[in-house]
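Please keep the sequence and the structure in view while reading.

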Amino acid sequence: MLNWILIAIAAIAAVVVVVVALQPSDFRIERSAAMAAPSTAVFTQVNDFQNWRAWSPWEKIDPQLKRTYEGPAAGAGAQYAWAGNKDVGEGRMTIVESRPGELVRIKLEFFKPFAATNSAEFAFKAAAGGGTAVTWTMSGQNNFLARAMCLFVNMDTMVGGQFEKGLDAMKSVGEKPKGAG
């Protein structure tokens, strides 16, 4: 009897390993929003990490977040590192490409709670009436543990929901008239 139980447990474990191994290793999360502000104004919100405090959804999750900035104030080479509570973890972002009013590409490194390196991108396109369409994307590779987690947690919904909150807040900041509080 014990042998059959052990064989059944081993078979279930093998099935789980195969199912996890068959999950896609690549992921891409993307959200877009239209903003009634010129692309240069919205671009500035992303290209300078110190501006993220006004719109990043993770800033509101941990008000005690510790931040450090290195390199240039904005653009390629600018770095932002954070260490926060269990909900925001610890990591670093580095702007690797910056084209004014068009694109900001970021190397995104997570240290805690799980190590990962992903790419984040903000693309800005002129829209009718002087507005801007902003697309926020994160892409990367899922390791075995991340693929297993994706069986139980919809990362597109979870992270995408944070992107939506961030884009809404960025819209509020970007659409404020100059000189408004």
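Among contacts in the protein chain between residues at least 6 apart in sequence, what percentage join residues at least 24 apart? The figure is 50%. The model is a predicted one, and the values below were computed from it.

**Fold**

- The protein chain contains five helices and seven strands.
- Read from the N terminus, the order of elements is α-β-α-α-β-β-β-β-β-β-α-α.
- Strand β1 covers residues 26-35, and helix α5 covers residues 155-174.

**Burial and surface**

- The protein chain has 181 residues, of which 34% are buried.

- Side chains of opposite charge can pair when their charged atoms come close.
- The whole structure holds 11 salt bridges.
- One of them joins E164 and R31, with 2.7 Å between the closest N and O atoms.
- E164 belongs to helix α5 and R31 to strand β1, so this pair ties together parts that lie 133 residues apart in sequence.
- R31 has a relative accessibility of 15% and counts as buried, because the cut-off for buried is under 20%.
- E164 has a relative accessibility of 41% and counts as partly exposed.

**Salt bridge between D87 and K86**

- D87 and K86 also form a salt bridge, and their closest N and O atoms are 3.3 Å apart.
- K86 is exposed, at a relative accessible area of 72%.
- D87 is partly exposed, at 48% relative accessibility; the cut-off for exposed is over 50%.

**Salt-bridge network**

- E102 pairs with R99 in a salt bridge whose closest N and O atoms are 3.3 Å apart.
- E102 is partly exposed, with a relative accessible area of 43%.
- R99 likewise counts as partly exposed, with a relative accessibility of 37%.
- Which residues are linked with E102 and R99 in a network of salt bridges? The network also includes E97, R105 and E121.

Conventions. Residues numbered from 1 in each chain as written. Predicted model: local features only at pLDDT ≥ 70, side-chain atom pairs only at ≥ 80, totals over all residues. Heavy atoms only, no water. Helix = DSSP H or I, 4+ residues; strand = E, 2+ residues; numbered from the N terminus. Buried < 20%, exposed > 50% of the residue type's maximum accessible area, 1.4 Å probe, protein only. Contact = heavy atoms within 4.5 Å. Salt bridge = Lys/Arg side-chain N within 4 Å of Asp/Glu carboxyl O.
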